[in-house]
Amino acid sequence: MLVDKALRWLADLPAWEDYAGWPAVMRDTFDCANQNLFEAQSLVHLCSHCAISAGAASEQVIPVLAAWLLLYVAAELFDAVEDDEFESQDWAGLSQAEALNVASACLAAIPLVLMEMEDAQLCLDLIAQFHQAALTMAMGQHVDLSGGKEEGEDAVARYWRVAAAKSGALFALACWAGARLGNPAAEVLSAYADFGRILGQLLQVCDDYKDAYTPGNLSDFRPGQASLPVVYGRTVAGPVEIERLEALLTQAAVDEQAASQLRELLDDLGCKYYQLLQIEILGQQAESALRRTLLTGSHLDRLLCLIPRIVIL
């Protein structure tokens, strides 16, 4: 499998000079990422699937896939620390400070990885695109961390901006970079990027839905939370409902009964159906973008299968 090959290739990267056991730190980080992130997510294969579908040879894919995996790991580490959700045991015992350092190293290594490619122009195009995606993701994270003062429909619009800038940009890059190896026409390459961007937003909405409606999962219920059901609930709630919603949010992160009451309130406000509607719309948009790549047969089917489908909870 190409993801496994890319991770082994990264673990032995010459750039990891032996400072205080640094190569072992990176190998442990990639092992943890493979166990905790990649094995459970079929979308980690998006870059390689797009590359092969666009006509690239499998040996061409490894450096680009490796670079994208570095960005993915960096984003996960930064996000976990900045959202106060970092668990040291999930990352081979790294402290938060060490995790930030490893994430920075992953970003710094991306150009070095891409420079392993023989085509100089392709290398420059990819480096520029990776830097732009990383910058877009950082700006999206800044908007997310800043909290924002928007209310009503502006708050919902802010949610979609953040989703597009974070997971949307990450997966748009996966599709664009993979497909770029096959050198397709500009409009086809754009369609690949659109597919990835929509897929990233869809993944975020599906995660928010599952986090909100899985019994025992209280992580999305806390004051200031910007998950879609809470953002939409605040938008449509009246003054009395807003007061109750905010009161339940202060308790729901540690009280399953309060969380259950909060879910009932969100259901009464139509939040579940709004999310399911958005999941259906985004799924249709993703399929439409994918069909603009002009893929057929098994290549089309392989990518269609990556569009998340939700089980109504």
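This is a predicted model: local features need pLDDT of at least 70, side-chain atom pairs count only at pLDDT 80 or more; totals for chains, interfaces and linings use all residues.
**Entry 1: H2 and H4**

I looked up helix H2 (residues 22-38) against helix H4 (residues 58-82). Their axes come within 11 Å and cross at roughly 80 degrees. H2 and H4 are therefore roughly perpendicular to each other. Next I listed the contact residues. H2 supplies Thr 29, Phe 30, Ala 33, Leu 37 and Phe 38. From H4 come Leu 69, Leu 70, Tyr 72, Val 73 and Glu 76. I sorted this contact by residue type: eight are nonpolar, one is polar and one is charged.

**Entry 2: H3**

How many of the eight residues of helix H3 (residues 46-53) are buried? I find seven, so H3 is largely enclosed by the rest of the structure. The buried ones are Leu 46, Cys 47, Ser 48, His 49, Cys 50, Ala 51 and Ser 53. I then checked what they pack against. Their partners are helix H1 (2-11), H4, H7, helix H8 (186-213) and helix H13 (297-304). Just after H3, I noted Gly 55 with a positive phi of about 100 degrees.

**Entry 3: Ser 167**

I moved to helix H7 (residues 153-180), where Ser 167 lies. Is Ser 167 buried or exposed? Its relative accessibility is 13%, so I count Ser 167 as buried. I followed its side chain to the backbone oxygen of Ala 163, at 3.3 Å. Leaving out residues up to four places away in sequence, Ser 167 touches Gly 200, Gln 201 and Gln 204.

Methods: Residues are numbered from 1 along each chain as its sequence is written. Side-chain values use heavy atoms; hydrogens and water are left out. Helices (H or I, at least four residues) and strands (E, at least two) are DSSP runs, numbered from the N terminus. Buried means under 20% relative accessible area, exposed over 50%, partly exposed in between (1.4 Å probe, protein chains only). A polar contact is a pair of N or O atoms within 3.5 Å; within protein, one must be able to donate a hydrogen and the other to accept it, and residues adjacent in sequence count only if both atoms are side-chain atoms. Contact means heavy atoms within 4.5 Å. Axes are lines fitted to C-alpha atoms, for helices over the stretch in contact, and angles run from 0 to 180 degrees between N-to-C directions. Angles under 35 degrees count as roughly parallel, over 145 as roughly antiparallel, 65 to 115 as roughly perpendicular and the rest as oblique. Ala, Val, Leu, Ile, Met, Phe, Trp, Tyr, Cys and Pro count as nonpolar, Asp, Glu, Lys and Arg as charged, and the others, Gly among them, as polar.
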